[in-house]
Each structure stands twice: as C-alpha cells, then as structure tokens.
Amino acid sequence: MQRTIASFERDEAGDYVAVLDCGHRQHVRHKPPFIERPWVILDADRTTMIGSQLDCKACDSQEPIR
C-alpha cells in the first residue's frame, strides 16, 4: 500500500528511517547495486522526498504500529 513520507529519523545504527503517514517506519538505505536511493545521503535531498510515496509492506500485512 502506498503511504506518504512524513519525516525522517535515524535508528540506533545511524541508518535513516522514513516515518510514514500511517505511523509505520521504513528503512531507506542507499546500498548499490541492489538499492539505489542516492537521495538518502544528503539532508537537502531527503527533504525533497517528504510528501512522496513509499510502499508500506507493514500496512500490506496489517501489522500494528509500534
């Protein structure tokens, strides 16, 4: 299910996590060649992604918000 990115935060390891409008959180990593998300690297680029959509697998499987 597509959900809107509301903000970003960091986890304990320092990786970025997108906070979605549904309340779920999803890691957003740039790990080429398998995951291409160069917009994760810079603050300004992450900011431009607020309001865009990500597929929330937690919503798809009806997981509760933690």
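Biologist: Is R29 buried, partly exposed or exposed?

Modeller: R29 counts as partly exposed, because its relative accessibility is 28%; buried means under 20% relative accessible area, exposed over 50%, and partly exposed in between (1.4 Å probe, protein chains only). This is a predicted model, in which local features need pLDDT of at least 70 and side-chain atom pairs count only at pLDDT 80 or more, while totals for chains, interfaces and linings use all residues. Residues are numbered from 1 along each chain as its sequence is written, and side-chain values use heavy atoms, leaving out hydrogens and water.

Biologist: With which residue does R29 form a salt bridge?

Modeller: A salt bridge is a side-chain nitrogen of Lys or Arg within 4 Å of a carboxyl oxygen of Asp or Glu. The partner of R29 is D15, with the closest N and O atoms 3.4 Å apart. R29 lies in the loop between β3 and α1 (43–49) and D15 in the loop between β1 and β2, so the pair ties together parts 14 residues apart in sequence. Helices (H or I, at least four residues) and strands (E, at least two) are DSSP runs, numbered from the N terminus. D15 is partly exposed, at 25% relative accessibility.

Biologist: How many salt bridges does the structure hold?

Modeller: The structure holds four. Among them, E9 and R25 meet through their side chains at 2.8 Å, N to O. That pair links distant parts of the chain, with E9 in strand β1 and R25 in strand β3, 16 residues apart.

Biologist: Where is H24 placed?

Modeller: H24 is in the loop between β2 (16–20) and β3 (25–27). H24 is buried, with a relative accessible area of 10%. Residues that H24 touches (heavy atoms within 4.5 Å) include A18, C56 and E63, not counting residues up to four places away in sequence.
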